[in-house]
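Please keep the sequence and the structure in view while reading.

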Amino acid sequence: MTPDEFKAKIYSIEKPSNWREGQFVFNTIDSLYGIARTVQFKDGIDCFYNDSEIDNFINACYNRLNKN
């Protein structure tokens with residue numbers, strides 16, 4: 001899977017209207033791959049509370065998935 005395909009898979013899921021984008025990305029990645037908290041705590045990148053970190057968070061998740 002390419003980085004663009006990874007991002008497209010995340011955004012192919014409908015975002016609940018009451019969630020910020022960062023919450024959506026975090027929860028979707030956690031639901032699909034179970035790595036969101038690892039990236040949040042081990043890599044120190046948190047988009048759940050900080051929407052400006054979404055791209056960094058997605059990239060870190062993609063990289064972490066490809067290490068395994």
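Which residues do ring pairs link into a cluster? Ring pairs join Phe26, Phe48, Tyr49 and Phe57 in this way, where rings of Phe, Tyr and Trp (its six-membered ring) pair if their centres lie within 6.5 Å, and planes under 30 degrees apart count as stacked, over 60 as edge-to-face and the rest as tilted.

## Basis of the report

The model is predicted, so local features need pLDDT of at least 70 and side-chain atom pairs count only at pLDDT 80 or more, whereas totals for chains, interfaces and linings use all residues. Residues are numbered from 1 along each chain as its sequence is written, and side-chain values use heavy atoms, with hydrogens and water left out.

## Packing of H1 and H2

Helix H1 (residues 3–11) packs against helix H2 (residues 21–33) at an angle of about 105°, and their axes are 9 Å apart; helices (H or I, at least four residues) are DSSP runs, numbered from the N terminus. Axes are lines fitted to C-alpha atoms over the stretch in contact, and angles run from 0 to 180 degrees between N-to-C directions. H1 and H2 are therefore roughly perpendicular to each other, given that angles under 35 degrees count as roughly parallel, over 145 as roughly antiparallel, 65 to 115 as roughly perpendicular and the rest as oblique.

On the H1 side, Phe6, Lys9, Ile10 and Tyr11 meet residues of H2 that include Phe24, Val25, Ile29 and Tyr33, contact meaning heavy atoms within 4.5 Å.

## Packing of H2 and H4

With helix H4 (residues 54–67), H2 makes an angle of about 10°, the axes being 10 Å apart, which makes H2 roughly parallel to H4. Glu21, Gly22, Val25, Phe26, Ile29 and Tyr33 of H2 form this contact with Ile54, Phe57, Ile58, Cys61 and Leu65 of H4.

## Aromatic pairs

Six aromatic pairs are found in a search of the whole structure. One of them, Phe6 with Tyr33, is tilted, at 5.4 Å centre to centre and 40° between the planes, and it links H1 to H2 across 27 residues. Phe6 is buried, with a relative accessible area of 1%, whereas Tyr33 is partly exposed at 22%; buried means under 20% relative accessible area, exposed over 50% and partly exposed in between (1.4 Å probe, protein chains only).

The rings of Phe26 and Phe48 have centres 5.3 Å apart and planes at 75°, so this pair is edge-to-face. Phe26 lies in H2 and Phe48 in the loop between helix H3 (36–42) and H4, 22 residues apart. Phe26 is buried, with a relative accessible area of 3%, and Phe48 also counts as buried, at 18%.

Methods. Helices (H or I, at least four residues) and strands (E, at least two) are DSSP runs, numbered from the N terminus.
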